[in-house]
Amino acid sequence: MAAPTVTESLALVVREVDDVTAHLDEASAARAAELIEGAERVFVHGAGRSGLALRMTAMRLMHLGRDVHVVGEVTTPAIRPGDVLLVASGSGTTTGIVQAARTAHEVGASVVALSTTDDSPLSEVADVTLVVPAATKTDRSGTASAQYAGSLFEQAVALIGDALFHTLWSRGGQSADDLWPRHANLE
């Protein structure tokens, strides 16, 4: 069997992303948007590629004028009541992510989790879990996804972040011109 072309691989990725996003629970997604919209500050935290995807979400929320922080950066303040921690862990067991969620919960902040399961230590502490029915990075069976490791989950995290941004932007009444001055201008 010949290796797929780039366009065939892209079609596979699009099909898989379309399939997992079609299975998101709308009530959970609405609750996640509500928590983020009502938060004083939003903190994002994820490991590896999931963390990179959430950094993109942080940037978009900043464009909305939100006070957003990436956990682990030297300028990140302490989380407090009224804040939201947005986390991603495919397995829901990533130690650092689960511990951060527990800390946020203990201080009275809300926790929004993106995971492949709602049966995990992360989901136990989260106020809402958006379940992305994708393979975790350790699932190499090819049954949940033909893509490598957690690629499908990470792609979904990026797209869900953009969808949350778009929902909040649409509700907020700001134009694209209103958001533009918040882009980096130090280049």
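E154 is buried in this predicted model, with a relative accessible area of 14%; buried means under 20% relative accessible area, exposed over 50%, and partly exposed in between (1.4 Å probe, protein chains only). The side chain of E154 meets that of R49 in a salt bridge (2.5 Å, N to O). Because R49 lies in helix α3 (residues 48-63) and E154 in helix α6, the pair ties together parts that are 105 residues apart in sequence. R49 itself counts as partly exposed, at 47% relative accessibility. A salt bridge here is a side-chain nitrogen of Lys or Arg within 4 Å of a carboxyl oxygen of Asp or Glu, and helices (H or I, at least four residues) and strands (E, at least two) are DSSP runs, numbered from the N terminus.

A word on the ground rules: residues are numbered from 1 along each chain as its sequence is written, and side-chain values use heavy atoms, with hydrogens and water left out. As the model is predicted, local features need pLDDT of at least 70 and side-chain atom pairs count only at pLDDT 80 or more, while totals for chains, interfaces and linings use all residues.

Back to the charges. Side chains of opposite charge can pair when their charged atoms come close. The structure holds six salt bridges, and one of them joins E37 and R171 (2.8 Å, N to O). E37 lies in helix α2 (residues 26-38) and R171 in helix α6, so this pair ties together parts that are 134 residues apart in sequence. Both ends are partly exposed: E37 at 38% relative accessibility and R171 with a relative accessible area of 44%. D83 and R41 also meet in a salt bridge (2.6 Å, N to O). D83 sits in the loop between β2 (68-70) and β3, and R41 in the loop between α2 and β1 (42-46), so that pair links parts 42 residues apart in sequence. Here D83 counts as buried at 1% relative accessibility, and R41 is buried too, at 6%.

Just after α6, G173 takes a positive phi of about 75 degrees.

Aromatic rings turn up in this helix as well. Rings of Phe, Tyr and Trp (its six-membered ring) pair if their centres lie within 6.5 Å, and planes under 30 degrees apart count as stacked, over 60 as edge-to-face and the rest as tilted. By this rule the count comes to one aromatic pair. That pair is F165 with W169, stacked at 5.8 Å centre to centre and 20 degrees between the planes. Both residues lie in α6, four residues apart, about one turn of the helix. F165 is buried at 9% relative accessibility, whereas W169 is partly exposed at 23%.

Finally, S89 lies in the loop between β3 (84-88) and α4 (95-107), and at 2% relative accessibility S89 counts as buried. Contact means heavy atoms within 4.5 Å; leaving aside neighbours within four places in sequence, the contacts of S89 include I97, L114 and F153.
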